[in-house]
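Here is a short report on aromatic rings and nonpolar cores. Look at the sequence and the structure first, then read on.

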Amino acid sequence: MKRIALALSENIQMKFIAYAMVFMKVSLIGILVYRITSGINSFNFNFDTVLVYYIGAGFLAQLVDGALGMAYGASCTSMLLGLGVPPAYATASVHTAEVFTTGVSGLSHIYFGNIDKKLFFRIVITGVLGAMLGAYLISDVFDGKMIKPYISIYMIILGSIIISKAFKQRPPEPQNKNLGLLGLIGGFLDSVGGGGWGPLVTSNLISKGNAPKEAIGTVNTAEFFVSFFSTGVFMLFIDIQAWQAIAGLIIGGIFAAPLGAFLVRLFKPKTIMISVGVLVVLLNIWNLAKAWL
């Protein structure tokens with residue numbers, strides 16, 4: 001009876017989280033519609049082929065993020081910068097789009113049962129606080145590019161560790177210490193650098209011995225709240241001018257999110273760990289090369 005009561009309690013908690021996610025997404029839609037329509041004269045509403053590129057970027061980035069638990073922010077920010085979107089607008093656009101893409105991804109992971117409830121609550125609160133602080137600093141104080149090379153070096157080391165651990169037996173029990181601090185740092189670096197929540201938090205949870213499927217699902221779901229509150233801070237300091245980027249990333253990401261949540265169930269833990277490690281290493285070698293050049 002005690003186990004049944006505990007299971008029912010956990011199901012109620014996840015239903016409440018799912019309802020909260022839907023309500024927050026609808027609220028943000030209302031805010032975006034109001035801000036765009038109220039300032040319609042200052043926006044350049046032109047549907048062109050660039051929007052198709054944004055949709056493709058959003059689809060591919062969210063497919064990877066949903067299946068591996070990382071790289072959406074980093075890849076999308078890099079693509080937007082390459083297409084000429086200013087850095088501040090690129091970061092704000094990615095986080096705004098992430099509210100919708102991670103919302104669909106998170107709801108999909110809840111549906112497929114890829115969530116560890118204890119891990120979720122231990123990272124989400126501090127993750128939100130760190131994200132809000134980072135969003136304020138990147139918007140009004142300093143440029144996140146200054147610390148990105150150091151983040152990339154750390155990620156390369158961490159990715160290499162994960163690859164090596166894929167060939168070793170995971171600890172019999174997860175070593176989940178200092179998860180609140182992990183969430184705080186992950187949320188902060190995600191807002192400051194335009195990405196990093198997934199690579200930092202997912203990689204650490206897997207390296208601590210957590211099952212990759214649950215680590216990915218939990219981090220993806222928590223990322224919705226991290227993105228939502230950082231977007232709120234961005235809106236206080238940055239005008240939403242890159243509307244095409246936001247729309248394209250949202251459309252592409254929403255279609256890819258359920259597919260990514262489904263794909264994570266098809267891969268073996270070892271395959272996921274190797275994929276995560278290789279992705280982290282290659283992505284951050286590329287980031288370092290761009291920074292040095």
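Phe 121 is partly exposed, with a relative accessible area of 38%. This is a predicted model. Phe 120 is buried, at 2% relative accessible area. The cut-off for buried is under 20%.

**Ring pairs**

A pair of aromatic rings is described by the distance of the centres and the angle of the planes. The count here comes to six aromatic pairs. Two of the pairs are set out below.

| Pair | Centre to centre | Angle between planes | Type |
|---|---|---|---|
| Phe 120 and Phe 121 | 5.2 Å | 85° | edge-to-face |
| Phe 228 and Phe 229 | 5.3 Å | 80° | edge-to-face |

Why is the pair of Phe 228 and Phe 229 edge-to-face? The planes of these rings stand at 80°, and angles over 60 degrees count as edge-to-face.

Phe 228 is buried, with a relative accessible area of 19%. Phe 229 is partly exposed, at 33%. Ring pairs also link residues into a cluster: Phe 120, Phe 121, Phe 224, Phe 225, Phe 228 and Phe 229.

**Nonpolar cores**

The largest nonpolar core has 56 residues. Which of them touch the most other members? They are Leu 80, Leu 205, Phe 225 and Leu 249. Helix H9, residues 212-237, gives the most to this core: nine residues. A second, separate core has five residues, among them Ala 135, Ile 138, Val 233 and Phe 234.

Now take Leu 249. Neighbours within four places in sequence are left aside. Leu 249 is then in contact with residues including Tyr 54, Tyr 72, Cys 76, Leu 80, Val 94 and Thr 101.

Methods: Residues numbered from 1 in each chain as written. Predicted model: local features only at pLDDT ≥ 70, side-chain atom pairs only at ≥ 80, totals over all residues. Heavy atoms only, no water. Phe/Tyr/Trp six-rings, centres within 6.5 Å; stacked < 30°, edge-to-face > 60°. Buried < 20%, exposed > 50% of the residue type's maximum accessible area, 1.4 Å probe, protein only. Core = buried A, V, L, I, M, F, W, Y, C linked by side-chain atoms within 4.5 Å. Helix = DSSP H or I, 4+ residues; strand = E, 2+ residues; numbered from the N terminus. Contact = heavy atoms within 4.5 Å.
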